[in-house]
Every structure is written in C-alpha cells, then in structure tokens.
Amino acid sequence: LHGDGRTGAGLVNASVDKVFFTGSERTGRSIAVSCAPRFVPVSLELGGSDAAIVLEDADMEHAASGILWARFSNAGQTCVAVKRVIAVGDAYEQLLPRLARGVAALTIVADTGDERVNADMGPVITAAQRALIMEQLEEAVAQGATVVARQEPRAPTSSAMVASGRAERQVPAVVLSNVTTAMRVWQEETFGPVLVVVRASSDDAAIAMANNTRYGLSASVWTADRARGARIAGQLQAGTMALNDAVITAGLPEIPHGGVKASGLGRIHGVEGLMECVRTRTVVDDALPRMRQPWWFGYGPESTSRLDAYLRVAHGRSWWERLAGLPGTIKMLLRPERPL
C-alpha cells in the first residue's frame, strides 16, 4: 500500500502475516518495534549511502556517464543511487572534471509537461524533502566542502507551475569535493541530487572509506580489471554490488535485493525474496522405522566407546581414522547393549 504514516500504522496493526517496508531508517525501526510484540516478521529496505569505487584503469567516460545517471536520475530519489564516489589515485583528476561537465549539461525543469522529452531531471517529491537536501548541502559547504559543479533548475515557464507548488520542490544538481567523513552528506542518506566525490590512496583505503557508514544497501566498482573489481566488491559491506554499472541491481527480478546494517533486513526478488513469503516446515520420516537408534536409553559399559567409534567414522580427519572406528560402529548399530 502507498500512503503516509496513518496508512502504514493501519497496515502494521492489522491481522497480517508479514510486513514489507521500503522507506527511511527511522520509520523502519518503528515498524520493527510495532511488529515485535506479535512476532510479525518484517522485511525492511531502508536508507543507503551507496559508494562507487572508481579505479585508475576504469574507462572514465563510461564511469562518469554511468555515475551521473545513477546519481541524478529521478532527481536523485533512488534507493540504490550512487551517493559517494571514491576515486583511487589518479582516477580522481580524470573523473572529477568529467562529472562536472556532465552536471553542467543537465536540463532541470520545474515541470515535466511540454518539456518532458528534453528534461533530464525534475523536482523532488516534497518541499520538506527539498528543505532537508538543501540543509545537508549548505551545512557541508559551511564546513569546508567545495562545490565543483552546480546546475540550477530552469525558471518556471507558467503561473500554473508556480501555483502547483512544483517550483518549490526544485533542487539544483551538485557535485561536492573536499568532503570529510564527519559531514552529514557522508554519514546520512542524501535522497536528492547531491554527489560527493573524494580521493582514496589505494584499494584498501577505498574499501575502508566505502564501509565507513552505518548503511549497506548497494555499491559499485568501476574498473577494466574484472578480477580486481570482484575482489574489492567482495569486501564491501552491502547487499548488492555491480561492476561497471550501478542501480541496475534493484531492477533485476531474478536476483535478491536488500541491504545490511542500517539499510535493513530481508530480501525481495529472486528465490530469496519468494522464500521471505514462506513459512518453512520440516517433516523427518525415518527410512528404517523399526530400527532402534543406538543413542537411545539402554546404556552399558561399552556405550561410550561405541559412540566414540561412530563419531570417528562420521567425522574422522583421515580415512584411516574412519576405518579404525568401523568395528565399534557396527557393534553399536547391530548389537545394542540393553535395548529399552
């Protein structure tokens, strides 16, 4: 169901078997707390501060193009949008001007009416969201961040746009450098068109910076060396990773999607997503129903040694150890000491 807090509260408090929620970390925590007393399971896809690690050997034109779309499409309001770019070594000098030029070329409009075909970006969803984005941006600049590029929205073309309130939801597309990990644009989810770009000295430093967040929804690695990219991706604390692409993971129904840490729990899509909607039950049917289990009651003087022999057969470190336990195991199975 789509709706505000009242709709969500009505759903959570209804007689439901499970709740799936996509939204903010704060609301997700409230839903989990509300469901806990009744043991209603929840699947939560919450905030993200997704990192894109760009290596020196990456195709910089390709990386810049992909990251621009992954950050600024849908006015930056995408759960798995690239929020932080971590460029390794010389990749920083190669990538940053390309991102700046890309932002300068964006067409941002207040409405998607007649200009829909030519528009790259429209307004954000609410005036309150715009206020939060601008607060994060202005605070970062006040703390020393540098605005590398800033593309302002076009002025409204009609009084109807102004009257609709869409003009009040316009946000510029911005690229920031000189950002520290203490700034809100790094530590919080910026759900809007603000892209952070920083430099890392090495692969390990880039991994540490990418993981330096309480979120872990998605991440990407941009490189010509797929093996190197896979090694880095395997060390990132995120639910999904992509090599030389971004955002696409959330749109593939055949693969599981979801996050770790404060980005939530559970999965949608893929077999794992279907299993989220299943209550697993197990039935064990003994293949030899007339055979007494040797570990049942009726212990005798040799019970311990026979059980030890069985464990050696089942879990011995070598074939010799397993073979040595075979006589005692056979006795345990065929000659119970004191059957009850």
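Which residues in H11 meet which residues in H13? Point 2 takes this up, after a word on the model.

1. **About the model.** This is a predicted model, in which local features need pLDDT of at least 70 and side-chain atom pairs count only at pLDDT 80 or more, while totals for chains, interfaces and linings use all residues. Residues are numbered from 1 along each chain as its sequence is written, and side-chain values use heavy atoms, with hydrogens and water left out.

2. **H11 against H13.** Here is the reply to the opening question: Arg306, Leu307, Ala309, Tyr310 and Val313 in H11 meet Leu326, Gly328, Thr329, Lys331 and Met332 in H13. Contact here means heavy atoms within 4.5 Å. The residues of this contact divide into six nonpolar, two polar and two charged; in this scheme Ala, Val, Leu, Ile, Met, Phe, Trp, Tyr, Cys and Pro count as nonpolar, Asp, Glu, Lys and Arg as charged, and the others, Gly among them, as polar. Helices (H or I, at least four residues) and strands (E, at least two) are DSSP runs, numbered from the N terminus.

3. **How those two helices cross.** H11 covers residues 303-315 and H13 covers residues 326-334; they pack at an angle of about 120 degrees, with axes 7 Å apart. That angle makes H11 oblique to H13. Angles under 35 degrees count as roughly parallel, over 145 as roughly antiparallel, 65 to 115 as roughly perpendicular and the rest as oblique. The axes are lines fitted to C-alpha atoms, for helices over the stretch in contact, and the angles run from 0 to 180 degrees between N-to-C directions. H11 passes H13 in a left-handed crossing (the near helix is turned anticlockwise from the far one by less than a right angle; clockwise would be right-handed).

4. **H3 against H4.** For this pair, helix H3 (residues 60-72) and helix H4 (residues 91-104) pack at about 50 degrees, with their axes 9 Å apart. H3 and H4 are therefore oblique to each other, and their crossing is right-handed. On the H3 side the contact involves Met60, Glu61, Ala63, Ala64, Ile67, Leu68 and Phe72, which meet Ala91, Gln94, Leu95, Arg98, Leu99, Gly102 and Val103 in H4. These residues divide into 10 nonpolar, two polar and two charged.

5. **The nonpolar cores.** The largest nonpolar core has 66 residues, and those with the most contacts inside it are Val54, Ile67 and Ile86. Such a core is a set of buried Ala, Val, Leu, Ile, Met, Phe, Trp, Tyr and Cys residues joined through side-chain atoms within 4.5 Å. Not counting residues up to four places away in sequence, Val54 touches Met60, Ala63, Ile67, Val85, Ile86, Ala87, Val88, Ala91, Leu95 and Trp222.

6. **Ala87 in strand E4.** Ala87 is found in strand E4 (residues 82-88) and is buried, with a relative accessible area of 0%. Buried means under 20% relative accessible area, exposed over 50%, and partly exposed in between (1.4 Å probe, protein chains only). Leaving aside neighbours within four places in sequence, Ala87 is in contact with Val54, Tyr92, Val198, Arg199 and Ala200. Ala87 and Trp222 are 135 residues apart in sequence and 9.4 Å apart in space, C-alpha to C-alpha.

7. **Two residues of strand E6.** Ala173 lies in strand E6, as does Ser177, with the strand running over residues 173-177. Ala173 counts as buried at 0% relative accessibility, and Ser177 counts as buried at 5%. Beyond four places in sequence, the contacts of Ala173 include Phe72, Val103, Leu106 and Met121, whereas Ser177 is in contact with Tyr92, Ala145, Thr146, Val148 and Val197. The C-alpha atoms of Ala173 and Leu106, 67 residues apart along the chain, are separated by 8.2 Å.

8. **Two positive phi values to look at.** Most residues other than glycine have a negative phi. Phe39 has a phi near 55 degrees, a positive value in a residue other than glycine, and Ala75 has a positive phi of about 55 degrees although it is not a glycine. Phe39 is found in the loop between helix H2 (25-35) and strand E2 (42-45), while Ala75 is in the loop between H3 and E4. Phe39 counts as exposed at 75% relative accessibility; Ala75 is buried, at 2%.
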